[in-house]
Amino acid sequence: MLVHVWNRAREPCFTQLEQLRKSSLARVMCDNSDDIVVMQPLAFFQASYVILILSTIGIIYLITQLFRSLVDLDNEDTAKPVLSGLGDSWLFRLSLNLLGYATIIVPGFLILKYVRRTNYLEKTAPSCFPNLVRLCLSGPDPLLGMDGAPLGGPATQTQSHSSLQQGSLLMFCFLGLQLTYLTWGLLQEKIMTQEYETSEGVEGYFRDSQFLVFVNRILAFALSGAYILCVRQPRHMAPLYKYVYCSFSNIMSSWCQYEALKYVSFPTQVLAKASKIIPVMLMGKLVSRKKYDYYEYITAVLISVGMTFFMLGSSNQGKETGVTTFSGLVLLGSYMLFDSFTSNWQGELFTQYSMSSVQMMCGVNLFSCLFTAVSLLQQGGFYHSLNFMLQFPKFMLDCVILSLCSACGQLFIFYTIATFGPVVFVIIMTIRQLLAILLSCLIYHHYISAMGIAGVIIVFVAVFLRIYCNQRLKAIKGRRIMAQVGSGKVPFGMLPSVEGCANYPFSTLSACAVATNSDGSVIKVRGCHPNVA
């Protein structure tokens with residue numbers, strides 16, 4: 001048919017062919033045929049994407065309920081079926097979680113393909129629903145709502161402080177970060193490993209890691225959303241679906257982090273977080289094609305050696321109590337893998353769309369709340385978790401404090417980096433990890449041998465060595481750039497961006513993009529150009 005139309009055209013051109021490609025088969029047949037009666041009726045049939053999407057959601061939901069019925073998750077008093085033992089497997093719980101996330105991801109993918117295939121946004125007049133689809137799939141229209149404001153908001157000079165005031169602010173940030181995240185870590189270990197008991201003597205363990213992820217994310221989303229409404233932000237240009245990738249990896253890393261506490265000790269997990277430089281470097285090579293300096297490879301090797309010493313020094317305890325298991329190591333490895341992907345993906349979003357750190361926080365937590373809420377509803381997780389809260393009121397208090405510490409810690413992170421730069425922040429959080437290991441050993445009686453202590457020291461010496469070398473090289477590069485500026489080789493306005501807002505005296509929080517995980521570990525610090533008055 002296309003060949004027939006092409007041959008009948010008096011002046012055939014590729015423009016005509018492009019128009020034919022945009023048309024449906026039924027339209028082409030009607031416009032170029034003499035007898036509509038003899039056409040095949042199926043040529044006019046157009047598959048409904050709504051039916052396909054609803055069918056997909058229904059199938060995923062039925063599979064989830066089938067899996068749950070096989071292990072009899074809801075009725076603990078009746079006779080257990082043959083597969084009931086799978087209910088205690090982290091692999092089975094992970095499968096149920098993934099099915100819940102697929103309820104959102106698969107229909108979203110089908111909608112994205114439909115919009116792109118049918119040119120829906122180009123053919124539809126602007127209205128509420130098409131604008132929502134455009135916001136999710138292609139970003140806001142750059143021709144609408146532009147007020148001519150600069151990307152980072154109005155340039156404002158930061159107030160100068162005396163040495164005493166600087167010291168007081170630094171102590172305030174240090175104590176705030178230590179208090180929030182040390183409390184967060186201790187409560188995390190308590191909720192996942194300790195037994196709750198009522199006044200009547202009823203005892204129970206909380207097992208649903210996904211509910212803790214949801215509780216943390218919903219408060220972080222509310223906090224970041226309120227901040228965006230109150231404080232002027234740069235215009236957001238990224239399509240919302242771009243956050244899906246890092247949101248999925250973020251909730252997976254958090255879930256693995258909570259779930260790993262069922263199999264490994266908290267000090268092991270903290271040390272693994274300090275060692276995630278290695279998978280971050282690997283993902284940087286694969287995702288962003290980054291190049292690393294020689295000192296980064298040396299510190300990565302030292303961290304690997306320290307982790308090996310620590311694991312060997314804790315192996316005896318693991319054999320006696322069953323704390324350190326292969327499942328725990330797999331979950332820790334998965335945590336570091338997902339976490340390193342999150343850092344690199346968010347770094348690419350910062351580079352491409354230049355959103356603020358609070359906008360990143362809000363977008364990621366939006367989809368994290370959506371994913372976890374849908375999964376919990378399908379599994380009945382809300383019912384079981386809320387019932388556990390009512391049965392053990394102390395658990396409710398722990399969840400509230402856990403979420404508040406995580407959300408308030410984010411505020412301390414933004415303020416610390418905006419005031420003192422990322423190097424000071426990383427040093428403070430490294431000290432926090434050391435204190436977290438010490439407090440966990442004292443409160444929950446974890447045993448670490450002399451070899452394990454030596455491994456901890458090696459890891460943190462390597463981390464501090466990495467910080468020192470990184471800052472030293474930046475200082476050398478900064479002096480070279482300023483020397484070129486002084487000689488007139490490089491104009492002052494063409495200075496390259498640097499990591500760390502504190503390097504420039506006129507930088508502001510709105511011009512500095514910082515992304516962090518819920519545990520306070522820094523993901524990405526996007527450098528700022530100086531705002532010169």
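Guide: A search of the whole structure turns up 20 aromatic pairs. To pair, rings of Phe, Tyr and Trp (its six-membered ring) need centres within 6.5 Å; planes under 30 degrees apart are stacked, over 60 edge-to-face, and the rest tilted. Take Y196 and F388. Their ring centres are 6.0 Å apart and their planes meet at 85°, so this pair is edge-to-face. Y196 sits in strand β1 (residues 196-197) and F388 in helix α17 (residues 381-391), so the pair ties together parts 192 residues apart in sequence. Helices (H or I, at least four residues) and strands (E, at least two) are DSSP runs, numbered from the N terminus. Both Y196 and F388 are buried. Buried means under 20% relative accessible area, exposed over 50%, and partly exposed in between (1.4 Å probe, protein chains only).

Now Y245 and W345. This aromatic pair is tilted, at 4.7 Å centre to centre with 45° between the planes. Y245 belongs to helix α10 (residues 242-260) and W345 to helix α15 (residues 326-353), so the pair ties together parts 100 residues apart in sequence. Y245 is partly exposed, with a relative accessible area of 40%.

Back to Y196 and F388. They belong to one aromatic cluster, together with F206, F211, F214, F382, F392 and F395.

A note on the basis. This is a predicted model, where local features need pLDDT of at least 70, side-chain atom pairs count only at pLDDT 80 or more, and totals for chains, interfaces and linings use all residues. Residues are numbered from 1 along each chain as its sequence is written, and side-chain values use heavy atoms, with hydrogens and water left out.
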